[in-house]
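Here is a friendly tour of one protein structure, written for someone who likes to look at coordinates. Keep the viewer open as you read.

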Amino acid sequence: MTELEIEQENKAIAREYKELLSISYQTLNDDEKKLIRKAFDVAVDAHKNQRRKSGEAYIFHPIAVAKIVASEIGLGPTSIAAALMHDVVEDTDITVQDIEKMFNPKIAKIVEGLTKISKLEPDPEVSMQAENYRKMLLTLNDDVRVILIKIADRLHNMQTMESMAAYKQAKIASETLYIYAPLAHRLGLFNIKTQLEDLGLKYTEPEVYNEIVSKIKETKQEQEAYIESITSVLKESLTKEGVEFTIKGRPKSIFSIRKKMKVQNVSFEEVYDKFAIRIIYHSSLHDEKFIAWKIYSIVTDFYRPSPSRLRDWISSPKSTGYEALHITVMGPRGRWVEVQIRSERMDEIAEKGYAAHYKYKQGVTEENSLDIWLNQLKETLENQDANAIDFVEDFKLNLYSKEIYIFTPKGEIKSLPKGATTLDFAFSIHSEVGIHTRGTKVNGKLVPLNHVLNSGDQVEIITSQNQKPSIHWLEFVTTARAKNKIKNVLNENMKKIGEDGKELLMRKMRHLKINLDEKTINELASFFKLKTSLDLFYRIGIGAIDNQQLKEFANQKNSNAFFNFFKKTIKKGENVEVISPFSNLDLLVFGKDEDKLDYKLSTCCNPIPGDDVFGFITINEGIKVHKKDCPNAISMQSNYAYRIIQAKWIDSSAQEFNATLKIRGIDSMGLTNELTKVISNNMAVNIRSISLSSDAGIFNGEITVIVNNISTLNKLIDNIQKIDGIEKVSRVNSK
């Protein structure tokens with residue numbers, strides 16, 4: 001570079017720095033400006049010999065990230081300083097300890113968090129895997145500002161990807177759509193979310209993106225005239241009513257138009273609400289709600305509203321903090337138009353997310369506002385032991401889900417993701433309430449635990465200290481919180497049954513003159529095709545392995561045939577983490593209904609029975625089954641979600657079956673009580689339905705129970721047969 005070019009570049013850097021201070025959302029005092037200047041000087045010196053792929057000085061990148069942090073996210077001096085230095089530790093000899101000495105522990109901790117995330121993706125050619133997403137999301141537990149600055153960093157990278165190879169652009173863009181856009185959404189950063197989504201589409205589907213952009217340009221003049229025809233009518237009436245306001249017409253994002261085209265299977269021209277009108281009004285906090293509904297009344301005086309498209313997020317704000325009144329009205333020429341009504345305060349919250357929250361709360365500082373915000377997100381991060389893909393999928397589900405609003409019996413409002421059930425609601429109140437849920441009432445009527453809730457429902461939870469979750473409950477819930485709590489209780493229950501099973505097995509082995517040491521336990525696990533000792537003890541505990549089977553094992557062992565048997569049945573390959581309480585996994589099923597379909601095992605990851613898997617519907621080869629941690633999983637999940645089908649290995653002996661028993665005998669006092677006691681005392685048996693009658697001293701009953709296997713059912717029949725007065729117990733064949 002010539003001296004003149006260097007001088008011009010230095011002037012440009014100085015201009016960018018001055019602009020950073022001038023556009024800050026927060027008012028900066030002299031000490032805060034000095035702090036930012038010091039961070040700027042450290043960053044300039046650290047990056048002085050670096051250039052970006054485009055050829056410009058590297059320092060322009062951290063300044064741009066700091067500008068996004070300062071103006072679009074609205075963070076304070078601590079975050080601006082950390083953003084300026086976010087790449088310093090990774091790229092130079094400066095350490096986190098040096099930053100702590102030069103600045104303070106808070107800034108050092110944020111820079112350290114950002115450095116950890118950068119180290120998760122050392123190779124820009126490889127898209128981040130689920131495990132790395134999980135690690136990144138867990139930095140939320142340290143300081144949410146780490147993720148906010150990372151989102152700003154990602155936004156600037158997406159804005160400056162032109163000089164990258166096309167395949168790298170596609171990978172970074174799909175990663176952005178997969179995790180960063182949903183995160184920005186959840187943190188209330190709607191402008192940034194929109195930019196990330198549009199840029200993500202630009203690089204994942206460039207032809208579609210360019211076509212929509214060109215069509216928006218073509219129709220821009222016509223749309224502006226249409227918006228003007230509506231706003232001119234409204235302006236006159238709003239001014240007459242003394243409302244202080246501004247009206248903006250804005251096109252919907254390119255990504256949302258594309259989404260509508262896909263979901264509704266329509267062309268660009270057929271998407272009816274491609275733009276929205278936003279009315280932003282000035283108001284005191286006291287009058288906000290009154291003025292919003294006054295504006296609603298004025299709008300609907302002129303344009304007929306769609307009753308099904310009214311969204312009142314003023315009375316019940318979204319969990320992201322978003323407040324507004326949305327109505328869709330029939331405008332001129334029979335076209336639907338969305339009208340958004342927000343106060344200036346609500347508009348700031350919509351633009352800046354949580355940064356605007358503490359500005360409007362007396363006595364709330366940036367620090368404790370962050371804590372309030374973080375607590376809303378921690379629920380999703382509770383189960384750190386989950387499979388990485390499940391963890392990320394659960395996290396995404398909670399990030400993007402639409403919300404419904406449910407009333408408690410006392411009239412308090414709770415927000416839940418759309419599709420949540422009454423059991424989800426029970427767990428949202430408290431995990432102890434969820435665990436002991438015996439029944440649920442919606443609007444005064446008793447409903448099943450898997451009843452899907454609608455906005456406005458009033459829900460009452462009936463609890464019992466004797467109630468415990470069953471494995472079926474996992475199918476009754478949709479929220480990550482409820483699933484994690486149920487799994488934890490089931491695992492604890494499994495361990496307790498396993499402890500009893502171990503004692504029982506020791507006694508049975510002693511009877512067969514076999515010492516139950518570690519070697520024997522391993523031999524037993526292999527004999528019964530199980531993966532862990534806990535699975536073995538659990539099956540003994542529930543009676544799934546009977547005395548006859550144990551005798552067969554003893555005979556094999558005593559005849560020295562075990563070695564050959566073991567050699568034949570041992571499986572080569574990695575150990576599989578067993579999530580299910582049962583591990584004799586011999587059957588692959590697909591979808592929620594667990595259908596048995598034709599499939600092929602993929603060669604890229606070679607799944608084996610027991611692996612966590614999913615099905616991918618290919619164009620020419622039907623369903624291909626991949627491991628959930630397959631190197632191609634993220635790419636498939638990001639780009640072809642509509643072709644993913646749920647799949648899992650199941651243990652045919654661990655499935656739960658319905659069995660109906662006919663019981664006949666002599667009626668006597670207490671017989672019904674004795675009968676139900678015997679069934680409930682029988683481990684691993686649940687009553688689904690019961691019908692009992694007595695006629696002239698003869699007792700007849702029909703009971704449908706849920707059992708794991710035939711040995712459990714036979715044991716139950718034997719126990720019922722022993723009740724005094726019971727003449728006959730027979731199983732009814734299924735139709």
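Predicted model: local features only at pLDDT ≥ 70, side-chain atom pairs only at ≥ 80, totals over all residues.

## Contacts around Ser316

Contact here means that heavy atoms lie within 4.5 Å. Leaving out residues up to four places away in sequence, Ser316 touches Tyr405 and Ile413. Its place is the loop that links strand 4 (311-312) and strand 5 (325-330). Is Ser316 buried or exposed? Ser316 is buried, because its relative accessible area is 12% and the cut-off for buried is under 20%.

## A serine at the end of a strand

Ser343 belongs to strand 6, which covers residues 336-343. With a relative accessible area of 2%, Ser343 is buried. Which residues does Ser343 touch, not counting those up to four places away in sequence? They are Ile280, Tyr281 and Glu288.

The largest nonpolar core has 62 residues, and the members that touch the most others are Leu84, Met85, Ile151, Ile192 and Leu196. Helix 9 (residues 144-159) gives this core its largest share, nine residues. Another core lies apart from it, with 25 residues that include Ile279, Ile298, Ile327 and Ile341.

Leu84 is one of the buried residues of helix 4. That helix, residues 77-84, is mostly covered, with eight of its eight residues buried; among them are Pro77, Thr78 and Ser79.

Strands in the order 10-9-11 make an open sheet of three, with antiparallel pairing. Strand 10 and strand 11 are at the edges and have a single partner strand each, so one side of each is left without a neighbour in the sheet. On average, and with direction ignored, neighbouring strands of this sheet are turned by 35° against each other. Helix 19 (residues 422-429) lies across strand 9, strand 10 and strand 11, and runs at about 75° to strand 11.

Three bridges pair strand 9 with strand 10 in the antiparallel sense, and Val442 stands opposite Lys445 of strand 10. Over in strand 11 (residues 459-463) we find Thr463, which is partly exposed at a relative accessible area of 43%. Thr463 touches Val433, His436, Thr437 and Arg438, residues up to four places away in sequence being left out. Thr463 and Val433 are 30 residues apart in sequence, yet their C-alpha atoms are 6.8 Å apart in space.

## Two positive phi values

Most residues other than glycine have a negative phi. Asn443 has a positive phi of about 50° although it is not a glycine. Asn443 sits in the loop between strand 9 (437-442) and strand 10 (445-447), and is partly exposed at 49% relative accessibility.

Lys513 also has a positive phi, near 60°, and is a residue other than glycine. Its loop runs between helix 22 (480-511) and helix 23. At 76% relative accessibility, Lys513 counts as exposed.

## A crossing pair of helices

How do helix 23 and helix 24 lie, and what is the angle at which they pack? Helix 23 (residues 518-527) and helix 24 (residues 533-542) pack at about 75°, with axes 9 Å apart. The two are therefore roughly perpendicular to each other, since that word covers angles of 65 to 115 degrees. Ile521, Leu524 and Ala525 of helix 23 make the contact with Ser533, Leu536 and Phe537 of helix 24.

The last stop is an open sheet of five strands with mixed pairing, in the order 12-16-14-15-13. At its edges stand strand 12 (587-590) and strand 13 (600-601), each with a single partner strand, so one side of each is left without a neighbour in the sheet.

Strand 14 (residues 613-617) and strand 16 (residues 644-650) run antiparallel and are joined by three bridges. Which residue of strand 16 is the bridge partner of Gly615? That partner is Ile645.

Notes:
Residues numbered from 1 in each chain as written. Heavy atoms only, no water. Helix = DSSP H or I, 4+ residues; strand = E, 2+ residues; numbered from the N terminus. Buried < 20%, exposed > 50% of the residue type's maximum accessible area, 1.4 Å probe, protein only. Pairing = 2+ DSSP bridges. Core = buried A, V, L, I, M, F, W, Y, C linked by side-chain atoms within 4.5 Å. Axes fitted to C-alpha atoms, helices over the stretch in contact; angles between N-to-C directions. Parallel < 35°, antiparallel > 145°, perpendicular 65-115°, else oblique.
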